[in-house]
Amino acid sequence: MPKILLRAASVLLLAPLLTPTAAHADPPAPVPVTVNARAGLAVVPDTGIGANHAIWDTTLGANETADLLKDAGVQLVRYPGGSYSDIYHWETHTAPGGYVAPNTDFDTFMAGARRTGAVPMITANYGTGTAEEAAGWVEYANVTKGYGVKYWEIGNENYGNGRYGTPWEADNREDKSPAEYARQVVAYADAMKAVDPTIKIGAVLTTPGEWPDAITASGDAGPWNQVVLTNAATKIDFVILHWYPGATNRTDRIADMVQLAKEQVAKYTGRSDIGIAMTEFNTGSSANGATTQPGAVAAADSYAQLLAGGVFSVDWWNVHNGIGAISQVAGHTDYGDFGLLSSAGCTSDGTVCEPAFNTPFAPYFALQMMSRFVRPGDQFVKATTGNPSVVAHAARRPNGDLAVLLLNTSHDTTHTVSLGYQGFTPSAAAPTGWSHTNGATALSTTPSTTLAPLSMTTFVVKTASNPAGLPGRPGQPVVSAVTGTTATVTWPAATAGARPISKYELHNQAGGQLGETPGTTLTLNNLIPNTRYVVNVITRDAGGGTSRPSVPLVFTTGNPAPGGCKVTVTDASNWGNGYVGSLDVTNLGDPIDGWTLTFTWPRAWQSLGSGWNGTWTQTGQTVTVTNADFNKTVATDATFNIGYVGNYSGPNVYPTGFKLNGRVCG
């Protein structure tokens, strides 16, 4: 095992297993990685690592396929396959207009799922089916056969029915609006739960930041998500997102994507118990490694971020998919295949063929690494690094041990890592773990502490102690009465351990303790306006023992109290990668003769397209607007309007933090 050097009370230097042979240059300085065990994220579900099966794959129920998925740690399998779901009729095992392979019927799928040890998720036919047909499937699955299928989606990508442009999803209904989809979700849920009231019903949403999110079609009361959530709020148990990030892999979008989805669900349903499932995901680009190591590294990062954000299942598209565009990526042939396993296909001219059937592609090992890194019941905790090429994720085991996933995204640079902790003390025992390097055909169980280029590495670090009798973690905190500088946080009480609970502490993941109380409600003061807070609650007992952190609470403070000015932002129209923003600016101070308004885009993928009623410029992420001749003077309490076109290529977070002539606006 590698030598572990104690640097400080809770800091380990992960030294290279081998001394570099190159004498002409010193190795790069160790990359600092900090794991904050007090900054809790989501608890790992038992359905987190998923994959899609499709009825055109004759081996979806084969023992070899099931065993490979089991070895990858797949916990959920989805059926009958993407857009085919909206043309598939389960009872006749037909899909008019599509190809149905032999040995792909529902019972064969279930046999494979059981051999894998995976939970099934079924997509009911919305596009060409009926609520009665779906209810019949529930009856067959759970009453006749006793399969106990819990998760049922209503349709696939039903917003792709032509409502917002060219259709790709079957939909025989004359009314293709989100309101009609919501009405049908209610009807499906009623019919299906009349057969088995224990099942969970999922409704299809558009993914925040991905087309056609935020677009309002003619005649609709709002965008798809708003209308569906508002009208089906009482009948659904989870919502469904799909994400194909494409050539850039865009893992920096994930936190906002998930948070905006949560905010939409809360806003339009008023409920906090609706889950989120990413039922289709793929890195989605042969240029960036559909079957090679860059895609695998991005997949591991995405799975970790999505699960840490509270998504209860992330389902790779697809188990077998088929050969696509051929390219050379990171020294290996990329087959442009979205599958986890080779289909052994060849290009149309026969010049390039995939490896033998069921050979795992690189993303397969990303799922396998994830299943070794986190297990159901672990809790993700925050990890940060000092080099953007090194990505870190961490999770605390129930026994107190800490698992750390390290991803080296660099194509050509090796890194060592200096690992430090907050709220965790490692034992002197050497860590164990796994690694996977570019081109490897299996995980190594003797990982090097040197992170090779394009590598995935998990270390399991033993805890110095895991005392019994500690208090339980508090329940999910919620927030109310949020202003620019205050917020009230409330949480369910924790279960006491060996000693009575003395107090609860609120910790800010950005650093510092925000307050403490013997009760289960605390009003936070002196917060910073227009700031996103991620807060955990920790229980402390009478002997000083502390619990694991609660799952996080995320909230954003509002504008400061009105002072010299006030700005109201309105999204006047939106087309999926841009929008018309309207700003009503009210002068609350002395009369103005000439003005300058400034704000900063919240995210790097946002930019200014154009503007009117003033002169608009952008420098970096800061936007500056100066008056036109006709609106130069502004009386006290007077309001003027200016507008702009804002472009975006990810989740669209609206600007805040406006200043008028240097004065902060409320």
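**Loops, helices and sheets**

Guide: Asn-613 lies in the loop between strand 32 (606-612) and strand 33 (615-619). Please bear in mind throughout that this is a predicted model.

Visitor: What is the phi of Asn-613?
Guide: Phi of Asn-613 is positive, about 60°, although the residue is not a glycine.

Visitor: Is Asn-613 buried or partly exposed?
Guide: Asn-613 counts as partly exposed, because its relative accessibility is 28%.

Visitor: Which other non-glycine residue has a positive phi?
Guide: Asn-103 has a positive phi, near 60°. This residue is in the loop between strand 5 and helix 2.

Visitor: And is Asn-103 buried or exposed?
Guide: Asn-103 has a relative accessible area of 52%, so it is exposed. The cut-off that applies here is over 50%.

Visitor: Where is Pro-80?
Guide: Pro-80 is in the loop between strand 5 (76-79) and helix 2. The peptide bond that joins Tyr-79 to Pro-80 is cis, with omega about 15°.

Visitor: What kind of peptide bond joins Trp-317 and Asn-318?
Guide: That bond is cis, and its omega is about 15°. Asn-318 belongs to the loop between strand 11 (313-316) and strand 12 (327-329).

Visitor: Let us change topic to helices. How is a pair of packed helices described?
Guide: One gives the angle between the two axes and the distance between them.

Visitor: What are those values for helix 1 and helix 2?
Guide: Helix 1 (residues 63-72) packs against helix 2 (residues 106-116) at an angle of about 40°, and the axes are 8 Å apart. Because of that angle, helix 1 is oblique to helix 2. The crossing of helix 1 and helix 2 is right-handed.

Visitor: Which residues meet there?
Guide: From helix 1, Asn-63, Ala-66, Asp-67, Leu-69 and Lys-70 take part; from helix 2, Gly-112, Arg-115 and Thr-116. Sorted by class, this contact has two nonpolar, three polar and three charged residues.

Visitor: What about helix 5? Which residues are buried there?
Guide: In helix 5 (residues 224-232), the buried residues are Trp-224, Asn-225, Val-227, Val-228, Leu-229 and Ala-232.

Visitor: What covers them?
Guide: The cover includes helix 4 (178-195), helix 6 (254-269), strand 8 (200-204) and strand 9 (238-243).

Visitor: Strand 9 has come up. Which way does it pair with strand 10, parallel or antiparallel?
Guide: Strand 9 and strand 10 pair in the parallel sense, over six bridges. Val-239 has Ile-276 in strand 10 as its bridge partner.

Visitor: How many residues of strand 10 are buried?
Guide: Six of the seven residues of strand 10 (residues 275-281) are buried, so this strand is largely enclosed by the rest of the structure.

Visitor: And how does strand 10 pair with strand 11?
Guide: Strand 10 and strand 11 pair in the parallel sense over three bridges. Here Met-278 stands opposite Val-314 in strand 11.

Visitor: What is the order of the strands in the open sheet of four?
Guide: The order is 24-23-26-27, and the pairing is antiparallel. Strand 24 (513-517) and strand 27 (553-556) are the edge strands, each pairing on one side only. On average, neighbouring strands of this sheet are turned by 25° against each other, direction ignored.

Visitor: How many bridges link strand 23 and strand 24?
Guide: Strand 23 (residues 501-508) and strand 24 pair over four bridges, in the antiparallel sense. Leu-506 has Gly-515 in strand 24 as its bridge partner.

Visitor: Where is Asn-508, and is it buried or exposed?
Guide: Asn-508 is in strand 23. Its relative accessible area is 13%, so Asn-508 is buried. Leaving aside neighbours within four places in sequence, Asn-508 is in contact with Leu-514, Tyr-533 and Val-534.

Visitor: Finally, what is the order of the open sheet of five strands?
Guide: The order is 33-34-31-37-38, with antiparallel pairing. The edge strands are strand 33 and strand 38 (663-664), and each pairs on one side only. Within this sheet, strand 31 (residues 596-600) and strand 37 (residues 659-660) pair over two bridges. Thr-598 stands opposite Lys-659 in strand 37.

Methods
Residues numbered from 1 in each chain as written. Predicted model: local features only at pLDDT ≥ 70, side-chain atom pairs only at ≥ 80, totals over all residues. Heavy atoms only, no water. Axes fitted to C-alpha atoms, helices over the stretch in contact; angles between N-to-C directions. Parallel < 35°, antiparallel > 145°, perpendicular 65-115°, else oblique. Left-handed = near helix turned anticlockwise from the far one by under 90°. Contact = heavy atoms within 4.5 Å. Nonpolar A, V, L, I, M, F, W, Y, C, P; charged D, E, K, R; others polar. Buried < 20%, exposed > 50% of the residue type's maximum accessible area, 1.4 Å probe, protein only. Pairing = 2+ DSSP bridges.
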